[in-house]
Amino acid sequence: MHAIPSTIAAFLQKPYSLTAEQIEFYQENRFIKLKQVLDDATISFFNDAISKRVAIMNSDIKPLEERSTYGKAFLQLFNLWREDEVVKELVLSKRLAKIASDLMQVDGVRIYHDQALFKEGGGGITPWHADQYYWPLETDKTVTAWIPLQATPLELGPLEFSAGSHQIVEGRELEISDESEAAIQQKLRVTDFKHVIEAFDLGEVSFHSGWVFHRAGANTTNQMRKVMTVIYMDKDMRLKQPDNKNQINDWNTWCPGAQVGEVINTPINPIIYQN
């Protein structure tokens, strides 16, 4: 038996209907923020469950001032769905996976992996970057659901986007760092892409593609900014020859046993939703 209320389990199976305009917005900008994706009861329940699992899994006990820029940005824990049967219900939920599939206009999605991103009180910025730098995936049919576990005003450091910046190739070769923050910020400054900085309401979830540039501000409060993320890929995604050491690491970690040129069909990359 899973320790999840039947009402929440049923809610996570319930489809969230997107409009044609929302899908078009995502296709053009490669990000979208959607209101009321999760209700208050579901957020409250998973805030508690994910916080408990993060507390068990977290081993980073260094003071903030002794960490790198990356380390100051957030506590980062991976694949909670494989560690916790309760968290698994959210990560593998049809409600979220269908949104990802509909936005990408594909026939279904697999999970690439999940991660909890907890930005501590006083935590630093998350520098500008594009996620897909890390991923040995053949196409850009990828999308990350960014799920705040509380209302997230600007002081907590919500996710920010450069709308439409998936069109930029420069900066794709940079891992998250002070260098990526400076170089990508400089590049975006001379483009017409809109920099979107907005608070997140309770239950609001954003979805962004692998090549759109994004960042997050510092957490200037004394509260933890709690976020769960799920990374989805087209169910027919194939593994590509890795371009860098991070992609080799991701291959071995998040799609072990997958073969270059073949569909990534491993036990830890199940299809979550298909039409």
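Modeller: Start with Asp48 and Lys52, whose side chains meet in a salt bridge, 3.2 Å from N to O. Keep in mind that this is a predicted model. Why do Asp48 and Lys52 sit about one helical turn from each other? They are four residues apart in helix H3, so about one helical turn separates them. Side chains of opposite charge can pair when their charged atoms come close.

Helix H3 covers residues 40–57, which makes 18 residues. From its first C-alpha to its last it reaches 25 Å, close to the 26 Å expected at 1.5 Å a residue. Which residues of H3 are buried? They are Thr42, Ile43, Phe46, Asn47, Ala49, Ile50, Ser51, Arg53 and Val54. Several elements cover these buried residues, including helix H1 (6–11), helix H5 (85–91), strand E3 (108–119), strand E5 (142–148) and strand E10 (225–234). Strand E2 is also part of that cover.

Leaving aside residues up to four places away in sequence, Ile50 touches Leu80, Val87, Leu90, Ala116, Phe118, Leu149 and Met228. Ile50 also belongs to the largest nonpolar core, which has 48 residues. Within that core, Ile50, Phe207, Met228 and Tyr232 are the residues with the most contacts. Helix H6 (residues 94–104) gives the most to this core, with six residues. Apart from it lies another core, of 14 residues, with Tyr112, Trp135, Ile176 and Cys255 among them.

Next, look at the rings. The whole structure holds seven aromatic pairs. One of them joins Phe45 and Phe46 edge-to-face, with 5.1 Å between centres and 90° between planes. Phe45 is partly exposed, at 21% relative accessible area, whereas Phe46 is buried at 1%. Another pair, Phe78 with Trp254, is tilted: its centres are 5.1 Å apart and its planes 40°. Phe78 lies in strand E2 (residues 75–78) and Trp254 in helix H8 (residues 245–254), so this pair ties together parts that are 176 residues apart in sequence. Phe78 is partly exposed at 30%, and Trp254 is buried at 10%.

Finally, compare the salt bridge you began with to others. There are 13 salt bridges in the structure. One of them links Glu204 and Lys33, with their closest N and O atoms 3.8 Å apart. Glu204 lies in the loop between strand E7 (195–197) and strand E8 (205–209), and Lys33 in strand E1 (residues 31–34), so the pair ties together parts 171 residues apart in sequence. Glu204 is buried at 3%, and Lys33 is buried at 15%. The charged end of Lys33 also sits over the ring of Phe200, 4.2 Å from its centre. Lys33 and Glu204 belong to a network of salt bridges that also links Lys35, Glu198 and Asp201.

One more salt bridge to find is Glu160 with Arg215, where the closest N and O atoms are 3.1 Å apart. Both Glu160 and Arg215 are buried.

Notes
Residues numbered from 1 in each chain as written. Predicted model: local features only at pLDDT ≥ 70, side-chain atom pairs only at ≥ 80, totals over all residues. Heavy atoms only, no water. Phe/Tyr/Trp six-rings, centres within 6.5 Å; stacked < 30°, edge-to-face > 60°. Buried < 20%, exposed > 50% of the residue type's maximum accessible area, 1.4 Å probe, protein only. Helix = DSSP H or I, 4+ residues; strand = E, 2+ residues; numbered from the N terminus. Lys NZ or Arg CZ within 6 Å of the ring centre and 35° of its normal. Expected span 1.5 Å × (residues − 1). Contact = heavy atoms within 4.5 Å. Core = buried A, V, L, I, M, F, W, Y, C linked by side-chain atoms within 4.5 Å. Salt bridge = Lys/Arg side-chain N within 4 Å of Asp/Glu carboxyl O.
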